[in-house]
Amino acid sequence: MADVGYNWLLVLSSVFVCNLVKTLLPSISSLLSKILQKDAEQEMEMRTEIQNMKLELSSISMMDEFARYARLERKINKMTDKLKTHVKSRTAQQAKMKWIVNIIFYILQAALMISLIWKYYADPVTVVPSKWISPLERLVAFPSGVAGGVGITCWLVVCNKVVAIGIHAFS
């Protein structure tokens with residue numbers, strides 16, 4: 001049987017970090033999208049240009065200068081359509097980035113949990129007095145089977161629940 005000194009803390013901190021990162025995933029993917037996207041300036045320029053054209057349009061009399069008014073209106077419509085296409089493209093890129101970040105996170109989290117289960121499969125994460133867990137001793141000790149031991153599966157379930165409740169309480 002291996003030393004069970006701070007194994008419980010290692011597993012608890014791993015679960016805590018995973019849950020903390022999970023709550024930050026939307027911010028992380030949004031930040032990465034902004035870093036990788038250089039079109040925000042162009043969008044702002046287009047919006048400003050549309051606003052300027054609308055101001056100019058409001059200063060033109062439709063009755064007196066119909067041709068100029070119609071040309072400017074078509075130009076505004078064309079620029080607005082271009083902006084909408086641009087925004088749709090950016091939104092699709094953000095959704096793709098969110099999806100990629102989530103997939104990478106869940107793969108890394110699964111790898112971490114599998115490695116923890118592999119490492120502590122035969123040994124208990126921690127040992128407590130048997131009478132504390134008396135009726136459920138065998139279930140709590142699974143898969144290690146050590147009397148009074150807390151197995152990795154039970155410890156992961158408990159840690160996940162406690163950390164999730166704690167993070168939810170602070171957010």
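This is a predicted model: local features need pLDDT of at least 70, side-chain atom pairs count only at pLDDT 80 or more; totals for chains, interfaces and linings use all residues.
Trainee: How many helices and strands does the protein chain have?

Mentor: Five helices and two strands. A run of DSSP helix counts from at least four residues, and a strand from at least two.

Trainee: Why is Gln109 called buried?

Mentor: Buried means under 20% relative accessible area. Gln109 has 13%, so Gln109 is buried.

Trainee: Where is Gln109, and which residues does Gln109 touch?

Mentor: Gln109 lies in helix 3, residues 66-119. Leaving aside residues up to four places away in sequence, Gln109 touches Cys18 and Lys22. A contact here means heavy atoms within 4.5 Å.

Trainee: What share of the 171 residues is buried?

Mentor: Buried residues make up 30% of the protein chain.

Trainee: What share of the contacts with a separation of 6 or more comes from residues 24 or more positions apart?

Mentor: In the protein chain, that share is 65%.

Trainee: What makes up the accessible surface?

Mentor: Of about 12,000 Å², 66% belongs to carbon and sulfur atoms.

Trainee: How many charges are there, and how far apart are their mean positions?

Mentor: The protein chain has 20 positive and 13 negative charges, with mean positions 6 Å apart. His is not counted among them.

Conventions
Residues are numbered from 1 along each chain as its sequence is written. Side-chain values use heavy atoms; hydrogens and water are left out. Buried means under 20% relative accessible area, exposed over 50%, partly exposed in between (1.4 Å probe, protein chains only). Accessible areas come from the Shrake-Rupley method with a 1.4 Å probe; for residues, only the protein chains shown count as cover. The place of a charge is taken as NZ of Lys, CZ of Arg, CG of Asp or CD of Glu.
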